[in-house]
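The sequence and the model are shown first, and the description follows.

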Amino acid sequence: MKVSAVIAGATLMVATLVVATPAQAAPPTGTKGPCGYTSTPDEPPARPVSLPPDPEHTPDKGVVKVVVATNQGPMLLSLDRAKAPCTVQSFLHLAKSRFYDFTTCHRLTLYPTLKVLQCGDPSGTGEGGPGYSYKDELPTDLPNWPTDPTGASKVYARGVLAMANAGPATNGSQFFLVFGDSRLRPNYTIFGSVDRTGLKTLDRVAAGGITPTSEDPAPVDGPPARKTDILVARSLGAR
């Protein structure tokens, strides 16, 4: 799954999906619970991992803490089961499976209205995922972006933790951390928040800017110049 911004000041993360032909794709399999995690044979996992547990009653109460240690500093994530039970279930499964360990956050955006660090792809390319997808759990109570008279754009506030996607119901493993209020349509599942220490880590990464290229000496979207590796991601006491 590849998620890339297409213009400065973009209000959406737009995904480019490379789809296998029917001859290449195996029949998908899926879980039978309410989350319906479904394999994506045309997009195999970037690192071996099973489908998440999908109990008849997905845990939907409480906040789970996840410690994310990076080479740029620590982050403590608070995952909200009530807001996004299936997303939290998947994230905890991937963390427990060490899917996120020793991975690189591949994308930093520094648009005036989009300030996020994107992580969660073991391939480090922005195209990798866990080999499955699942439904959206979209926010319904976000404030309108102040300068959008239509009300279509919302505020994804500093500190928000949300899922990247490639369109409706294509959530996988990639997620983004918001370090500055960002303008987006409410098409991205919010499933938690980043603590103050984590925001300091994100600010440090953002201050380093984006790796320049010969075509773009001052990019606003691309790999962070301060390479950011997730060393380990572990929940604190979640079952």
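Cys105 and Cys119 are both buried, where buried stands for a relative accessible area under 20%, exposed for over 50% and partly exposed for values in between, calculated with a 1.4 Å probe on protein chains only. The model is a predicted one, in which local features need pLDDT of at least 70 and side-chain atom pairs count only at pLDDT 80 or more, while totals for chains, interfaces and linings use all residues. Residues are numbered from 1 along each chain as its sequence is written, and side-chain values rest on heavy atoms, with hydrogens and water left out.

These two cysteines, Cys105 and Cys119, are joined by a disulfide with an S to S distance of 2.1 Å, a disulfide being a pair of cysteine sulfur atoms within 2.5 Å. Cys105 sits in the loop between strand S6 (103-104) and strand S7 (107-111), and Cys119 belongs to strand S8 (residues 114-119), so the link ties together parts that are 14 residues apart in sequence. Helices (H or I, at least four residues) and strands (E, at least two) are DSSP runs, numbered from the N terminus. The angle about the S-S bond is 100°, and the link of Cys105 and Cys119 is right-handed.

## The Cys35–Cys86 disulfide

In the whole structure the search finds 2 disulfides, and another pair joined in this way is Cys35 and Cys86, with 2.0 Å from S to S. This pair links distant parts of the chain, 51 residues apart, with Cys35 in the loop between strand S2 (14-16) and strand S3 (38-39) and Cys86 in helix H1 (residues 85-96).

The link of Cys35 and Cys86 is left-handed, with -85° about the S-S bond. Cys35 is buried at a relative accessible area of 3%, and Cys86 is likewise buried, at 3%. When the bonded cysteines of the protein chain are numbered in sequence order, the pairing reads 1-2, 3-4.

## Helix H2 and its two faces

In H2, the residues Gly198, Leu199, Thr201, Leu202, Val205 and Ala206 are buried. They cover an arc of only 155° around the axis, which puts them on the same side of H2; the arc is that of the directions from the helix axis to the C-beta atoms.

The buried residues of H2 pack against strand S4 (63-70), strand S5 (73-80), S7, S8, strand S12 (175-180) and strand S14 (190-194), contact meaning heavy atoms within 4.5 Å. On the face of H2 turned away from the buried side are the exposed residues Arg196, Lys200 and Ala207. Just after H2, Gly209 adopts a positive phi of about 75°.
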